[in-house]
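This report is an introduction for someone meeting the structure for the first time.

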Amino acid sequence: MNTNTPQKKLAEELDRIAARYESQFAGMPRSSRNVDELDTIIDETKGILARIESIPEAVRPPDLGELAETARRNVAIYQRERALILDAVRVGPAYERFSILATSANFVFARYRRHFAGKSRVSRDLGLLDEMIEDLESIEEAMQGVIAEAKKGTGASELAKDVKLVKSSLEMYRSERTQIAKARKDGTPEERASLMAQLANDQFRIYANHFSDKSRVTRRPALLIRVIDQLGTIREMMLGLKKGGLTGVNDDNLGIVERNLETYKKELEEIRAARKEVGFSDLLGLLGGAANTVFEAYRAEFAGQDRKTRDLDRLSALCDELGDLRRQMIEVGRAHESASNDSNIDVISAQLGGFELEWDNITLAKK
């Protein structure tokens, strides 16, 4: 059997180019990277993509279609890295730390678009919004610290623009939180009971997406605490409706919430116990493995697929899970320096950026 097919040759060539990128750019200090070499990598990848696209889609083998999607994604990653390298050279040493903060802020903005923009206020997750507000507050403080250390001039001025964006977003999120809390007080007892059921289901969905059948070691305890806190608030509101005389379905829903609360509290203890037994290097390996599982799910369910047929909620869940893994890697990195962890964070950041962009593209395709 002849295994030396054109598809195989192109895939191997693409892999060799990606290996050059990994060895020379991934996880490396951006201010010292060679942009000319990266331009060569970009041009060679575009060349492979052009060769694939020269074959009419009607006769293009499926394997080549998947390879084209990989080439496009790689070009996007390389071009993003090129822009970041130029920024790093212009701004100076402070850029490396600042860029991680700016990327984290961009991911918060993307989560807001997915979970809040254009959605009914009354049904939004206040726990998630509180977490996003806390994230931006920490990011703003850290950005200000970097700017204080940076030399004054063009670089510091450009960094200050990002801080201004974070500040304005914080103001909007805080205002939105007030409006959401206010909207929840409206409606008849029956309408509020229905809302509480919907909000509870949303928390159950977070548990199903992030915790069910997943390795306990790779799960973030703070996320489960957030879910438990939200369900506790929902339980109190359901109890208030019950004391006000509402019965029937509200009583049934209250029982479901209370049973799940007990389950989640026990699971939280199991997660904490599991994480205590794992060393630093093992934890990083497990987090990397969990990220690879998310990558595989994305490739199977979204890469090369008709965007109009894709499930936005499923992609949003993958974005959230990958973002949670990135957060954990950054937190571990603060306590234990690791070049491999830094490299993994860069890879995950690039992939998550691609996921978020695909969510936007699918949204547009469905309009």
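## The largest pocket

The largest pocket has a volume of about 1,100 Å³, a volume being the space filled by probe spheres set on grid points that are joined across faces, edges and corners. On a 1 Å grid over the protein atoms alone, a pocket is an open set of points with protein on both sides within 12 Å along at least five of seven lines, a cavity is a set of points where a 1.4 Å probe fits but cannot get out, and lining residues have an atom within 4 Å of a point. The model is predicted, and local features need pLDDT of at least 70, side-chain atom pairs count only at pLDDT 80 or more, and totals for chains, interfaces and linings use all residues. Residues are numbered from 1 along each chain as its sequence is written, and side-chain values use heavy atoms, with hydrogens and water left out.

The lining of this pocket consists of 38 residues, and those nearest its centre are Ile100, Ser104, Arg326, Ile330 and Arg334. Two or more lining residues come from each of helix H4 (94-115), helix H5 (126-149), H11 and H12, where helices (H or I, at least four residues) are DSSP runs numbered from the N terminus. By class, the lining divides into 13 nonpolar, eight polar and 17 charged residues; Ala, Val, Leu, Ile, Met, Phe, Trp, Tyr, Cys and Pro count as nonpolar, Asp, Glu, Lys and Arg as charged, and the others, Gly among them, as polar.

## Two cavities

The structure also holds two cavities of 30 Å³ or more. The largest cavity contains about 60 Å³ of space, and its lining includes Arg124, Asp125, Arg184, Asp202 and Gln230. Helix H7 (189-210) and helix H8 (221-243) each supply at least two residues of that lining, with H7 giving the most, three residues.

About 40 Å³ of space lies in the second largest cavity, which is lined by His210, Thr218, Arg219, Arg220, Glu321, Asp324, Leu325 and Gln328. H11 gives the most to this lining, with four residues, and the lining as a whole has one nonpolar, three polar and four charged residues.

## The nonpolar cores

A nonpolar core is a set of buried Ala, Val, Leu, Ile, Met, Phe, Trp, Tyr and Cys residues joined through side-chain atoms within 4.5 Å. In the largest one, which has 26 residues, Leu315, Leu322, Leu325 and Phe355 touch the most other members. Helix H10 (280-301), helix H11 (312-335) and helix H12 (339-366) each supply at least two of its residues, and H10 gives the most, with nine.

Leaving aside residues up to four places away in sequence, Leu315 touches Tyr298, Phe302, Phe355, Glu358, Trp359 and Ile362, contact meaning heavy atoms within 4.5 Å. A second, separate core of 24 residues includes Phe98, Tyr112, Leu129 and Val163.

## Two single residues

Arg60 sits in the loop between helix H2 (35-53) and helix H3 (62-91), and it counts as buried because its relative accessible area is 17% (buried means under 20%, exposed over 50% and partly exposed in between, with a 1.4 Å probe and protein chains only). Not counting residues up to four places away in sequence, Arg60 touches Ile52, Glu53, Ile55 and Gly65.

Ala183 is found in helix H6 (residues 154-183), and it counts as partly exposed because its relative accessibility is 21%. The C-alpha atoms of Ala183 and Leu128 are separated by 17 Å, the two residues being 55 apart along the chain.
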